[in-house]
Amino acid sequence: QLQLVESGGGLVQPGGSLRLSCAASGFTLDYYDIGWFRQAPGKEREGVSCISRSGGRINYAESVKGRFTISRDNAKNTVYLQMNSLKPEDTAVYYCAAELRPFGRSCPEGAYEYHYWGQGTQVTVSS
């Protein structure tokens, strides 16, 4: 059974950091592009970042550029999202998603382009 499990969320003060993990089980992430999305209460799910299967193509939302870093360790079957300089507006449930993709293409940025989703992890930025 294909499963994605996010972890690493929590409560952090503004300016703080968190590292989210997205671990896959039941399949290998080697052939999958991975996206991170978030959804705040009353708002639509939005894309945060994505990384291609090789790690060679990465995209970030404008709102997180320079603060968030996505990476992957295929040997550990895990993708990470390092979040620095967190702001209250970063508060949301964060989801990772996976999509089987051919090699050499840019990772998809739309939520509708991903088939497999984790259950989400809550990130709260507050003093």
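A salt bridge is taken here as a side-chain nitrogen of Lys or Arg within 4 Å of a carboxyl oxygen of Asp or Glu. In this predicted model, five salt bridges are counted by that rule.

One of these joins the side chains of Arg101 and Asp33, with a distance of 3.2 Å from N to O. The two partners come from distant parts of the chain, 68 residues apart, since Arg101 belongs to the loop between strand 9 (92–100) and strand 10 (116–117), whereas Asp33 belongs to strand 4 (residues 32–39). Both Arg101 and Asp33 are buried.

A further salt bridge is formed by the side chains of Asp90 and Arg38, at 2.9 Å from N to O. Asp90 is placed in the loop between strand 8 (78–83) and strand 9, and Arg38 in strand 4, so that this contact ties together parts of the chain that are 52 residues apart in sequence. The relative accessibility of Asp90 is 1%, and because buried means under 20% relative accessible area, Asp90 is assigned to the buried class. Arg38, at 6% relative accessibility, likewise counts as buried.

Asp90 also takes part in a salt bridge with Arg67, in which the side chains meet at 2.7 Å from N to O. Here Arg67 is found in the loop between strand 6 (58–60) and strand 7 (68–73), while Asp90 is in the loop between strand 8 and strand 9, and the pair therefore ties together parts that are 23 residues apart in sequence. Arg67 has a relative accessible area of 9% and is therefore buried. Taken with Glu46, the residues Arg38, Arg67 and Asp90 are linked in a network of salt bridges.

Contacts between aromatic rings were examined next. Seven aromatic pairs are counted in the model, and one of them is the tilted pair of Phe37 and Trp117, whose ring centres are 5.1 Å apart and whose planes are at 50° to each other. This pair again links distant parts of the chain, with Phe37 in strand 4 and Trp117 in strand 10, 80 residues apart. The two residues fall into separate accessibility classes: Phe37 counts as buried at 2% relative accessibility, whereas Trp117, with a relative accessible area of 27%, is partly exposed. Trp117 pairs as well with Tyr114, in an edge-to-face arrangement with 6.4 Å from centre to centre and 70° between the planes. Tyr114 is buried, its relative accessible area being 4%. Through ring pairs, Phe37, Tyr95, Tyr114 and Trp117 are linked into a cluster.

Conventions: Residues are numbered from 1 along each chain as its sequence is written. Side-chain values use heavy atoms; hydrogens and water are left out. Helices (H or I, at least four residues) and strands (E, at least two) are DSSP runs, numbered from the N terminus. Buried means under 20% relative accessible area, exposed over 50%, partly exposed in between (1.4 Å probe, protein chains only). Rings of Phe, Tyr and Trp (its six-membered ring) pair if their centres lie within 6.5 Å; planes under 30 degrees apart count as stacked, over 60 as edge-to-face and the rest as tilted.
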